[in-house]
Amino acid sequence: MAFDIHSAVHALRQGKIVACPTEAVWGLSCDPDNDEALAHLMRLKQRDPAKGVIVVAASIDQLQPWLAGLPLELHAPLVASWPGPNTWLVPDNGRSHPLVRGAHQSVALRVTAHPVMQALCNAFDGPVVSTSANRASEPPAMSAGEVSALFGDELGAIIHGELGDNPRPSTIRDLVSGKVLRA
């Protein structure tokens, strides 16, 4: 079930889940504002909705609605580390969907350097959710074949491409405290 970027964008706009390679593992993506897509993603992954998910963009400009009202001094670490495998927990300004934020007062944001994810976000004209392609507590998929075997017809599209060079998923840091939550 290989699709091009434009077919994947059509699937996202219909509230479907899309699988694609990321910097380190295969990921599942959906529209971060679509109630049904987010609920379907949580069920598909068997993920605790309190955990939240990451919003990934092709550029910092695509994340401006989530960054509105953020003190200017807190923009510097974001700008210095993006694009790249750095996810920041940013204080939620009320923009985040509850299933994106989970039980947190912050939202996880990243500007990707992966060409497939960048192409998807640019074609979608905005950020998408990106979470590892796996069921809760299981290892993430490392190939399109693994994604297809795990999720099959539950997906609206699989965008074929190569994984990035990162040996592990993105580092997660709290923007306000600087604390590293995942190295």
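Biologist: What share of the 183 residues in the protein chain do buried residues make up?

Modeller: This is a predicted model, and buried residues make up 51% of the 183 residues in its protein chain. The accessible surface comes to about 8,300 Å², and 52% of that belongs to carbon and sulfur atoms.

Biologist: How many helices and strands are there in the protein chain?

Modeller: The protein chain has seven helices and nine strands. Its radius of gyration is 15 Å, close to the 16 Å given by the globule rule for 183 residues, so the chain is as compact as a globular protein of that length. Along the principal axes, the C-alpha atoms fill a box of roughly 45 × 30 × 30 Å. Of the contacts between residues at least 6 apart in sequence, 69% join residues at least 24 apart.

Biologist: Which residues have the most contacts inside the largest nonpolar core?

Modeller: The general idea is that nonpolar side chains tend to be buried together in soluble globular proteins. Here the largest nonpolar core has 36 residues, and those with the most contacts inside it are L28, L63, V90, L109, V147 and L155. Among the elements that give two or more residues to this core are strand 2, strand 4 (86–91), strand 5 (106–111) and helix 7. Helix 2 gives the largest share, five residues. Apart from this core lies another, of 21 residues, including I5, V9, V18 and C121.

Biologist: Which residues does L109 touch, not counting residues up to four places away in sequence?

Modeller: With those sequence neighbours left out, L109 touches V55, L63, W66, L67, W82, N86, T87, W88 and V90.

Biologist: Why do the buried residues of helix 1 line one face of the helix?

Modeller: An α-helix has 3.6 residues a turn, so residues three or four places apart point the same way. In helix 1 (residues 5–13), the buried residues are I5, A8, V9, A11 and L12. Seen down the helix axis, they fall within an arc of 160°, so they line one face. The face turned away from this buried side carries the exposed residues H6 and R13. The cover over the buried residues of helix 1 includes strand 1 (18–21), strand 2, helix 6 (115–124), strand 6 and strand 7 (157–158).

Biologist: What is found at the start of helix 1, and what follows this helix?

Modeller: At the start, a side-chain oxygen of D4 reaches to within 3.0 Å of the backbone nitrogen of H6. After helix 1 comes G15, with a positive phi near 85°.

Biologist: What do the buried residues of helix 2 pack against?

Modeller: Helix 2 (residues 35–45) has A37, L38, H40, L41, M42, L44 and K45 as its buried residues. These pack against strand 2 (26–30), helix 5 (98–101), strand 6 (128–132) and helix 7 (144–151). At the start of helix 2, a side-chain oxygen of N34 reaches to within 3.0 Å of the backbone nitrogen of E36. Q46 follows helix 2 and has a positive phi, near 55°.

Biologist: Is N134 buried or exposed?

Modeller: The cut-off for a buried residue is under 20% relative accessible area. N134 counts as buried because its relative accessibility is 7%. This residue lies in the loop between strand 6 and helix 7.

Biologist: Which polar partners does the side chain of N134 have?

Modeller: A polar contact of 2.6 Å joins the side chain of N134 to that of S132.

Technical notes. Residues numbered from 1 in each chain as written. Predicted model: local features only at pLDDT ≥ 70, side-chain atom pairs only at ≥ 80, totals over all residues. Heavy atoms only, no water. Buried < 20%, exposed > 50% of the residue type's maximum accessible area, 1.4 Å probe, protein only. Helix = DSSP H or I, 4+ residues; strand = E, 2+ residues; numbered from the N terminus. Contact = heavy atoms within 4.5 Å. Polar contact = N/O pair within 3.5 Å; in protein donor to acceptor, adjacent residues only side chain to side chain. Core = buried A, V, L, I, M, F, W, Y, C linked by side-chain atoms within 4.5 Å. Arc of directions from axis to C-beta. Rg over C-alpha atoms; globule rule 2.2 N^0.38 Å. Areas by Shrake-Rupley, 256 points an atom, 1.4 Å probe, with all protein chains shown as cover.
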